[in-house]
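Please read them with the structure open.

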Amino acid sequence: MEKLSNPQRTIEVIKKYEFCFQKKFGQNFLIDGHVLDKIIAGAGVTKDDMVLEIGPGIGTMTQYLAEAAGKVVAVEIDRNLLPILQETLSDYDNVKVIHADVLSLDLEKLVQEDGGRPIKVVANLPYYITTPIIMALFEQHVPLANVTVMVQKEVAARMKSGPGSKDYGALSLAVQYYAEPYIVANVPCNCFMPRPN
C-alpha cells in the first residue's frame, strides 16, 4: 500500500471516505515523509518498543511507527476516522487502534498488558489539548521511556524556557520536573493538510 505521506494518497483517502476535518479535534494531518522520519528518529523507536500514538488521524505517522516499532497502540477520539484507519493500517499486524479519549484511558493497564516495560509516546497534538495530555502522561506515573510530541512552536518554547524568561510558567516547570525537553525539528505549515494558521 502506498504511504499516506504522499499528499495525493492523503487526498484520495479523504475523498473516498468523504472525511470532513473537525475543528473541535484540531485535525491537521502530517504529509511529509522527511518530517516523519525525523520524528521516528527523535523518539528513538526500535523493534523492542511499544509506542503509544495519540491521535493517529488517518494513520500517516502510524504507518511509519509500525515499521519501526514492535507494537503500536493508536488512540483516536474521532469515530469517523476508525474505518479509514482500518483500511490504511490493514498491512500492519503490530498496530492496535483504540477508539477513546486518551485523557480517560487507563494507561497503566495498557502498559501492564505489554509487560510493564516503559513505553514511548509519539503524537501530533492539537493546540487546545496539548497541556492536559502532557500533564496526564506525567501525572499518571506510567513508565515512559520518552515522549515525542509535535506541538505549536510557541508551546515548545514554553516547555524549554527557564526561570526568569517571559515564556516560563507552569507548563515549563512541570515538563522540566519530569523530563528534559529538547526540540527535534521545526516543521513548516506546508507539511500539513489542511495547513494550520
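1. **Thr62.** Start with a residue in the interior. Thr62 counts as buried, because its relative accessibility is 0%. Thr62 belongs to helix 3, which spans residues 60-68. This is a predicted model, so the notes here describe a prediction.

2. **What surrounds Thr62.** Neighbours within four places in sequence are left aside here. Thr62 is then in contact with Glu53, Pro56, Val72, Ala74, Leu89 and Val95.

3. **Leu36.** Is Leu36 buried or exposed? Leu36 is buried, because its relative accessible area is 0%. Leu36 sits in helix 2, residues 33-43. With neighbours within four places in sequence left aside, the contacts of Leu36 are Ser5, Leu30, Thr60, Met61 and Tyr64. Two of these names, Thr60 and Met61, fall within the span given for helix 3, residues 60-68.

4. **A distance to check.** Take Leu36 and Thr130. In sequence they are 94 residues apart. In space their C-alpha atoms are 19 Å apart.

5. **Helix 1.** This helix covers residues 7-16, and its buried residues are Arg9, Thr10, Val13 and Ile14. Viewed down the axis of helix 1, these buried residues fall within an arc of 135°, so they line one face of the helix. The face turned away from that buried side carries the exposed residues Gln8, Lys15 and Lys16. Which elements are among those covering the buried residues of helix 1? They include strand 1 (29-30), helix 4 (82-88) and strand 7 (192-193).

6. **Helix 7.** Here the span is residues 153-160, and the buried residues are Val155, Ala156 and Met159. Down the axis of helix 7, the buried residues fall within an arc of 100°, so they too line one face. Lys153 and Glu154 are exposed, on the face of helix 7 turned away from its buried side. The buried residues of helix 7 pack against helix 6 (130-139) and helix 8 (170-178).

7. Rolling a probe the size of a water molecule over the atoms shows where empty space is left. How many cavities of 30 Å³ or more does a search of the whole structure find? It finds one. The largest cavity holds about 30 Å³ of space.

8. **The cavity lining.** Ile54, Val102, Leu103, Leu107, Ile133, Ala136 and Leu137 line the largest cavity. By class, the lining divides into seven nonpolar residues, no polar and no charged. Helix 6 supplies the largest share of the lining, three residues.

9. **Cysteines.** A search of the whole structure finds zero disulfides. The cut-off for a disulfide is 2.5 Å between sulfur atoms.

10. Cys191 counts as buried because its relative accessibility is 7%. Cys20 counts as exposed because its relative accessibility is 57%. The cut-offs behind these two calls are under 20% for buried and over 50% for exposed.

Note on methods:
Residues numbered from 1 in each chain as written. Predicted model: local features only at pLDDT ≥ 70, side-chain atom pairs only at ≥ 80, totals over all residues. Heavy atoms only, no water. Buried < 20%, exposed > 50% of the residue type's maximum accessible area, 1.4 Å probe, protein only. Helix = DSSP H or I, 4+ residues; strand = E, 2+ residues; numbered from the N terminus. Arc of directions from axis to C-beta. Contact = heavy atoms within 4.5 Å. 1 Å grid on protein atoms, 1.4 Å probe; cavity = no way out; pocket = protein on both sides within 12 Å on 5 of 7 lines; lining within 4 Å. Points joined across faces, edges and corners; volume = space filled by probe spheres on them. Nonpolar A, V, L, I, M, F, W, Y, C, P; charged D, E, K, R; others polar.
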